[in-house]
Amino acid sequence: MSEPDHIIVKPIPNLAREGYGAAFPFFYIEPKKYEKVLRKYFPEEKGPITNIDPIGNSPVIVGKESLKKIAPTWMNVSLAMKKDPETDKAFGWVLEMYAYAVSSALHRVPNILHKDFMIQPPWDKEIGRTYIIHYTYGCDYTMKGELTYGKIGEWRFDKRSYDNVPPPKNLSLPPPGVPESVVTLVKMVNEATANIPNWYS
């Protein structure tokens, strides 16, 4: 499972193993911190709260049979969480991610956690061994290549700039000194727009 703001840097092998999914660990998915809330959906008889992996539903590689079991539960847990004011307030925009992690644990489908599955510029600076660039954060820099996070930079790439229109072809490349991850991201967006027929320009 992937998302529209994922750029695949290189072919992704099947990182899952028999009975195990493969997923990226998110630092902000913290089951232990929210144990009280999560016990509404993952009761104590199901096991320790640490059985809930710090993942979302993407990026995830999971076997079809496992996903067939997880998916209906994931939908129902998502709806139940959204209808509960305490849970909705606690999780906000990551609610569905928690719902997937809980559903995976309920069906005893643990995940092999791969930190190099995905990088998130501008915080992750190098491509390294990653498979996916997730362009979730805005990338703002001075023309000297200095990060100005939280402040619109002289050079920027932020998907939120394109909420209403597609990005144009031939986005300007970042200035010298900007990390490899950001440069690669923009080059790959440009490669895509150059090769998609009738792309907005």
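## Aromatic pairs

The structure holds 13 aromatic pairs. Rings of Phe, Tyr and Trp (its six-membered ring) pair if their centres lie within 6.5 Å; planes under 30 degrees apart are stacked, over 60 edge-to-face, the rest tilted. Tryptophan 123 and tyrosine 137 pair edge-to-face, at 6.4 Å centre to centre and 75 degrees between the planes. This pair links distant parts of the chain, 14 residues apart. Tryptophan 123 sits in the loop between E5 and E6, tyrosine 137 in the loop between E6 and strand E7 (139-141).

Phenylalanine 157 and tyrosine 162 form a tilted pair, 6.2 Å centre to centre with 35 degrees between the planes. Phe24, Phe26, Phe27, Tyr28 and Trp93 form one aromatic cluster.

## About the model

This is a predicted model: local features need pLDDT of at least 70, side-chain atom pairs count only at pLDDT 80 or more, and totals for chains, interfaces and linings use all residues. Residues are numbered from 1 along each chain as its sequence is written, and side-chain values use heavy atoms, leaving out hydrogens and water.

## The sheet

Three strands form an open, mixed sheet in the order E1-E6-E5. Strands are DSSP runs of at least two residues (E), numbered from the N terminus. Two strands pair if DSSP finds at least two bridges between them. The edge strands, E1 (6-8) and E5 (118-119), each pair on one side only. E5 and E6 (residues 132-134) pair in the parallel sense over two bridges. Methionine 118 has isoleucine 132 in E6 as its bridge partner.

How values were computed. Helices (H or I, at least four residues) and strands (E, at least two) are DSSP runs, numbered from the N terminus.
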